[in-house]
Amino acid sequence: MKISRSISVFEASFLKSEKLFTLISQIVFFHAAESVILPPGQKATSLFTLMLFNGLAYSLSYLHHIISNSSLGRLETVGTSSDVPHLAMSATKLTLEWTKLVVFFMTLVSISLALILGVSMQGFSPSPGYLVITGLYFLTQEEMLVVNMPRLLVKLPSSVIEGEEAVWSPIILKGVSLLLSLILVLLCTFYKKYKPGFTSFIICVYLKIRDLDINGFEKLRRLEMHVARFPLVSASDLSAHDDVCSICLSDMRRARRTYCGHIFHPVCLARALKTVTTCPVCKQNL
């Protein structure tokens, strides 16, 4: 019992360090893919590939920041309604932006040097199949996709996860990475690459399942537990109601009704009840 409890505590602590777990799982996955998909003799291809993907991801995010940020060329002012420039804030902003620009160019130079050294000294020549499977795995954990995934889920016509996109987004991405890991473990077993296959199973399959449960479904269960006592609203009632959620002001295709008769998205209501125990509209005790 003590050993199993210690293992559970270690797993939970390790999985809470999400960036560390992501980095370790990427290294293990890329190395396993290298041993299975690529011909022998390509030393450190997995590390070069991971470095390339990270460099490209940072470069694209910086370019997106430059294109989408319309206030880069403006000076900071002393107030929102004032045109008087704030010299200290403007200088700080200018310094930060120049630092980001320098890091961007250094990243491009590092990528170029890594590719040159990898090709000339280590025989870096990844196959299309290797780039596809490692690229998909990297994308499921890439920060820009993780942040923007809820916006993509909002556009889905289904109402199953309406209002819960931010909760379901990491679950879906972790599920895709888990599926890719299972495929890779099966390939390792088929080609008798037992050592990378076993390591991938522990890090990328078993711990990913635990990650899904602790950082994915457990959050969903906690949110649902807060509002389970309130009945779901039928589609016909929602159509007749024809209103938006009073908390997020979005249309509702899935909702729960409080005792006082008000209708909210389940997740919106759960988040509200974390801080107060009254109805967000009429303040009746719930």
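This is a predicted model: local features need pLDDT of at least 70, side-chain atom pairs count only at pLDDT 80 or more; totals for chains, interfaces and linings use all residues.
Helices here are DSSP runs of H or I with at least four residues, numbered from the N terminus.

**View 1. The largest pocket holds about 870 Å³ of space.** Its lining is made up of 29 residues, and those closest to the pocket centre are Q141, E142, E143, M144 and V146. Several helices take part: α2 (18–37), α3 (45–68), α6 (143–154), α7 (165–190) and α8 (194–227) each give at least two residues to this lining. If you sort the lining residues of the largest pocket by class, you find 10 nonpolar, 10 polar and 9 charged.

**View 2. The second largest pocket holds about 230 Å³ of space.** Here 15 residues form the lining, with V154, G163, E165, S250 and H265 closest to the centre. The lining of the second largest pocket includes 6 nonpolar, 3 polar and 6 charged residues.

**View 3. Helices α6 and α7 meet in a right-handed crossing.** Their axes come within 9 Å and cross at roughly 115 degrees. On the α6 side, the contact is made by L145, V146, M149, P150, L153 and V154. On the α7 side, the partners are E165, A166, W168, S169, I172 and L173. By class, this contact between α6 and α7 has 10 nonpolar residues, along with 1 polar and 1 charged.

Terms used. Residues are numbered from 1 along each chain as its sequence is written. Side-chain values use heavy atoms; hydrogens and water are left out. On a 1 Å grid over the protein atoms alone, a cavity is a set of points where a 1.4 Å probe fits but cannot get out, and a pocket is an open set with protein on both sides within 12 Å along at least five of seven lines; lining residues have an atom within 4 Å of a point. Grid points are joined across faces, edges and corners, and a volume is the space filled by probe spheres set on the points. Ala, Val, Leu, Ile, Met, Phe, Trp, Tyr, Cys and Pro count as nonpolar, Asp, Glu, Lys and Arg as charged, and the others, Gly among them, as polar. Axes are lines fitted to C-alpha atoms, for helices over the stretch in contact, and angles run from 0 to 180 degrees between N-to-C directions. A crossing is left-handed if the near helix is turned anticlockwise from the far one by less than a right angle, and right-handed if clockwise. Contact means heavy atoms within 4.5 Å.
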